[in-house]
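Hi there,

Have a look at it first, then read on.

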Amino acid sequence: MAILEAFAFLGDQVFYQLDLLAQQGQLGTTTNIEQWYSDDFHMGEFGKYASSITMLAALYGQSPVGLPAPAGMDPGVAAVVQQTAWNV
């Protein structure tokens with residue numbers, strides 16, 4: 001169970017940092033990270049992407065920087081998300 005808790009903590013940290021960046025206007029048209037959820041409990045495509053690359057970085061120690069972004073995500077936003085996942 002400790003591994004799941006550790007990943008949940010890392011995911012929370014990434015989304016916290018992304019929310020701060022969104023509020024500062026650094027994630028394109030996203031003004032808060034809640035926009036990346038499809039409803040109160042499920043992530044939309046951008047949220048799933050952020051979660052997936054966080055898992056890649058945490059579990060495999062592989063940088064997500066430069067990976068393809070989901071359709072519709074601005075390349076500049078993708079770069080910020082990738083770097084944030086890698087930094088946390």
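Let me start with Thr84, which is buried, with a relative accessible area of 9% (buried is under 20%, exposed over 50% and partly exposed in between, using a 1.4 Å probe and protein chains only). Before going further, please note that this is a predicted model, in which local features need pLDDT of at least 70 and side-chain atom pairs count only at pLDDT 80 or more, while totals for chains, interfaces and linings use all residues. Residues are numbered from 1 along each chain as its sequence is written, and side-chain values use heavy atoms, with hydrogens and water left out.

Thr84 sits in helix α3 (helices are DSSP runs of H or I with at least four residues, numbered from the N terminus). Which residues does Thr84 contact, leaving aside its neighbours within four places in sequence? They are Val14, Gln17, Leu18 and Leu21, where contact means heavy atoms within 4.5 Å.

Gln17 belongs to helix α1 (residues 2–23) and is partly exposed, at 31% relative accessibility. Although Gln17 and Thr84 are 67 residues apart along the chain, their C-alpha atoms are separated by 7.2 Å. With neighbours within four places in sequence again left out, Gln17 touches Thr84 and Val88.

Helix α3 (residues 75–87) also packs with α2, at an angle of about 40 degrees and with the axes 9 Å apart. Axes here are lines fitted to C-alpha atoms, for helices over the stretch in contact, and angles run from 0 to 180 degrees between N-to-C directions. That angle makes α2 oblique to α3 (under 35 degrees is roughly parallel, over 145 roughly antiparallel, 65 to 115 roughly perpendicular, and the rest oblique). On the α2 side, Tyr49, Ala50, Ile53, Thr54 and Ala57 meet Val81, Gln82, Ala85 and Trp86 of α3. By class, this contact has seven nonpolar, two polar and no charged residues (Ala, Val, Leu, Ile, Met, Phe, Trp, Tyr, Cys and Pro count as nonpolar, Asp, Glu, Lys and Arg as charged, and the others, Gly among them, as polar).

How many salt bridges does a search of the whole structure find? The search finds one, between the side chains of Lys48 and Glu45 (3.6 Å, N to O); the term means a side-chain nitrogen of Lys or Arg within 4 Å of a carboxyl oxygen of Asp or Glu. The two residues are three apart in helix α2 (residues 45–60), so about one helical turn separates them. Lys48 is partly exposed at 44%, whereas Glu45 is exposed at 52%.

Best wishes
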